[in-house]
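Hi,

Here is the structure I promised to pass on. Could you open it alongside this email and follow along as you read?

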Amino acid sequence: MPPDSPIGFIGLGTMGTPMALNLVRAETPLVVWNRTRNRCAPLEKAGATIASDAEELFARCETVILMLENDTATDAVLDRLGPEFTSRVAGHTIVSMGTVSADYSKHLAGDIRSAGGRYVEAPVSGSRQPAEAGQLIGMLAGAPRDRARLRAILAPVCKEIFDCGPVPAALQMKLAINTFLITMVTGLAEASHFAERHDLDMSRFTDILNAGPMASDVSRVKIGKLAQHDFSRQAGISDVLKNNRLVVEAARDAGIASPLMDACLSLYRETEDLGFAEDDMISVLRAIEARAPAP
């Protein structure tokens with residue numbers, strides 16, 4: 001492959017599509033592929049090249065960004081357990097931006113290096129809205145020269161990028177950040193439920209919260225969604241539940257307590273069981289309401 005080969009991008013979901021679009025709009029030569037072909041349409045319209053399959057994308061691109069849902073999807077794209085794994089990763093830099101377990105990422109990094117490839121963790125903090133605005137927070141782990149190169153590539157996607165050291169430090173950092181995010185949003189939903197059940201003026205509740213020291217970009221967006229009963233997806237219940245599980249599992253592996261995240265895990269599982277897997281995480285309110293005795 002020539003040194004100026006295009007960047008590959010695989011995984012056009014809720015986050016992947018706006019991220020890839022921002023790369024194209026920044027004039028990054030981009031080749032994309034997605035298992036569900038119709039999700040490539042916005043990228044093709046924006047000027048990206050659409051690969052016919054994963055094999056073609058790896059053949060054309062030295063650097064391949066993966067924004068995939070889980071380790072199973074990652075292994076499938078890389079053919080990690082099959083005969084194509086070495087040819088797909090040898091001489092390539094594989095950039096994993098999805099949220100998987102740190103242990104999985106550490107072992108994947110070892111397999112890629114053994115096959116002659118390079119590996120960078122690059123998880124991001126943020127939901128669909130900051131993804132669309134190119135305002136995500138990026139975290140990088142890997143070899144120093146690979147992290148330096150990725151900074152320039154990911155600049156159109158992230159407003160800030162932080163070096164976290166060797167793999168799997170970026171994913172561990174992401175899980176630490178998610179611990180605060182999930183408990184904060186769950187607390188906001190519970191506070192809203194408390195205020196509503198006490199017949200408080202919800203617009204006044206919103207104004208006071210937004211004016212105070214606890215307000216943030218996240219709380220302002222989520223309290224607005226609560227006020228409007230708008231549960232449309234930004235960060236979906238199913239995704240948050242997955243992240244919650246990863247945090248709790250990592251805590252157990254490290255022998256540390258996670259009492260708040262244990263409680264959140266139950267609530268997000270209940271919300272999914274109630275049929276709201278695809279709604280925004282603020283719909284955890286549904287599980288809180290379901291636990292409450294009738295007024």
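This is a predicted model: local features need pLDDT of at least 70, side-chain atom pairs count only at pLDDT 80 or more; totals for chains, interfaces and linings use all residues.

**The strands**

Start with strand S4, residues 63–66. Which of its faces are covered? Both of them: Thr63 and Ile65 are buried on one side, and Val64 and Leu66 are buried on the other.

S4 has strand partners too. Strand S1 (residues 7–10) runs parallel to S4, and four bridges join the two. Strand S5 (residues 93–96) also pairs with S4 in the parallel sense, again over four bridges. In S1, Phe9 stands opposite Ile65, and in S5 the bridge partner of Ile65 is Val95.

**H12 and H13**

Next, go to helix H12 (residues 237–254) and helix H13 (residues 259–273). Their axes are 9 Å apart and the packing angle is about 150°. Angles over 145 degrees count as roughly antiparallel, so that is how H12 lies relative to H13. The crossing of this pair is left-handed.

On the H12 side, the residues that meet H13 include Ile237, Val240, Leu241, Val247 and Val248, along with Asn244, Arg245 and Arg252. Among those they meet in H13 are Met261, Cys264, Leu265 and Tyr268, plus Asp262, Arg269 and Glu272. Sorted by class, the contact between H12 and H13 has nine nonpolar, three polar and five charged residues.

**H4 and H6**

Helix H4 (residues 71–78) packs against helix H6 (residues 102–114) at an angle of about 10°, with 12 Å between their axes. The cut-off for roughly parallel is under 35 degrees, and H4 and H6 therefore count as roughly parallel to each other. From H4, the residues involved are Asp71, Thr74, Asp75 and Leu78, and they meet Tyr104, Leu108 and Ile112 of H6. By class, that contact has four nonpolar, one polar and two charged residues.

**H9 and H11**

Helix H9 spans residues 169–197 and helix H11 spans residues 217–227; they pack at an angle of about 35°, with axes 11 Å apart. H9 passes H11 in a right-handed crossing. Leu181, Met184, Val185, Leu188, Ala189 and Ser192 are the H9 residues in this contact, and they meet Val218, Ser219, Lys222, Ile223 and Leu226 in H11. The contact divides into eight nonpolar residues, two polar and one charged.

**Two residues in H9**

Leaving out residues up to four places away in sequence, Ser192 touches Met202, Phe205 and Leu226. Leu226 is one of the H11 residues in the helix contact described above.

Met173 is also placed in helix H9. With a relative accessibility of 39%, Met173 is partly exposed. Once neighbours within four places in sequence are set aside, Met173 is in contact with Met139 and Cys164. Met139 is 34 residues away from Met173 along the chain, and their C-alpha atoms are separated by 7.7 Å.

Cheers

Note on methods:
Residues are numbered from 1 along each chain as its sequence is written. Side-chain values use heavy atoms; hydrogens and water are left out. Buried means under 20% relative accessible area, exposed over 50%, partly exposed in between (1.4 Å probe, protein chains only). Two strands pair if DSSP finds at least two bridges between them. Axes are lines fitted to C-alpha atoms, for helices over the stretch in contact, and angles run from 0 to 180 degrees between N-to-C directions. Angles under 35 degrees count as roughly parallel, over 145 as roughly antiparallel, 65 to 115 as roughly perpendicular and the rest as oblique. A crossing is left-handed if the near helix is turned anticlockwise from the far one by less than a right angle, and right-handed if clockwise. Contact means heavy atoms within 4.5 Å. Ala, Val, Leu, Ile, Met, Phe, Trp, Tyr, Cys and Pro count as nonpolar, Asp, Glu, Lys and Arg as charged, and the others, Gly among them, as polar.
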